Amino acid sequence: MIELNSTFFAQILNFLILVILLRAVAYKPVLKILKEREDRIAASIDKADADAAEAAKTLDAYKAELAEARTKAQEIMDLAEKRASEEHEASIQATKREIEQMKKAAEQQMERERAHAVEQLKGEVVTLALAAAGKIVQKNLEKSDNDAIIGEFIAKLDAHKIGDATC
């Protein structure tokens, strides 16, 4: 059984003093340290949540900027393709105009050469006609008669065709 003597009360008193001392010296500082640690952890969690929210906002902003940049890039590419197409079309039109001008110049050159050939041919025909007329007539006509015969012959040539060429 338990004896209630003075040592028992001394041990209880010692135990209570030890509890009070431990509470004052160890328990309260440990609780204070644990509370500070808990507060730091809570602050870190709050800061991490705020950082995560800020990162999400930044990510959304970057995504929006990226989408806008892609849209602008597509618009620039479309515009470049359109300009390239227009320049290609303009180049084709310029080439067609140049070809048309070259055709006209060639046709004009051919017409000039044809006219020159006709003039040469007229001169040769006149010379041949005079030679033939001189042999047939075998007589010497006056210069005015010769000019009248030549003029009449040229007028008849202009009225008729020589081959495909008109005189």
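**Exercise 1. In which helix does phenylalanine 15 lie?**

Solution. Begin with the ground rules. This is a predicted model: local features need pLDDT of at least 70, side-chain atom pairs count only at pLDDT 80 or more, and totals for chains, interfaces and linings use all residues. Residues are numbered from 1 along each chain as its sequence is written, and side-chain values use heavy atoms, with hydrogens and water left out.

Step 1. Find the elements. Helices are DSSP runs of H or I with at least four residues, strands are runs of E with at least two, and both are numbered from the N terminus. The chain has two helices and two strands. Their order from the N terminus is α-α-β-β.

Step 2. Phenylalanine 15 belongs to helix 1, which covers residues 6-137.

**Exercise 2. What percentage of the 167 residues in the chain is buried?**

Solution. Step 1. Buried means under 20% relative accessible area, exposed means over 50%, and partly exposed is in between (1.4 Å probe, protein chains only).

Step 1. Read the share. Buried residues account for 3% of the 167 residues.

Step 2. Accessible areas come from the Shrake-Rupley method with a 1.4 Å probe; for residues, only the protein chains shown count as cover. The chain has about 14700 Å² of accessible surface, and 62% of that belongs to carbon and sulfur atoms.

**Exercise 3. Which residues form a nonpolar patch on the surface?**

Solution. Step 1. Patch residues have over 30% relative accessible area and no salt bridge; like charges are joined within 9 Å, nonpolar side chains (Val, Leu, Ile, Met, Phe, Trp, Tyr) within 5 Å.

Step 1. List the members. They are Leu4, Phe9, Ile12, Phe15, Leu16 and Val19, with about 590 Å² of accessible area together.

Step 2. Look at one member. Phenylalanine 15 is exposed, at 52% relative accessible area.

**Exercise 4. How many salt bridges does a search of the whole structure find?**

Solution. Step 1. Recall the test. A salt bridge needs a side-chain nitrogen of Lys or Arg within 4 Å of a carboxyl oxygen of Asp or Glu.

Step 1. Count. The search gives five salt bridges.

Step 2. Examine some of them. Lysine 72 meets glutamate 68 at 3.3 Å, N to O. These two are four residues apart in helix 1, so about one helical turn separates them. Arginine 114 meets glutamate 111 at 3.4 Å. Here the spacing is three residues in helix 1, again about one helical turn. Lysine 122 bridges to glutamate 119 at 4.0 Å.

Step 3. Classify. Lysine 72 is partly exposed at 46%. Arginine 114 is partly exposed at 33%. Lysine 122, at 15%, counts as buried.
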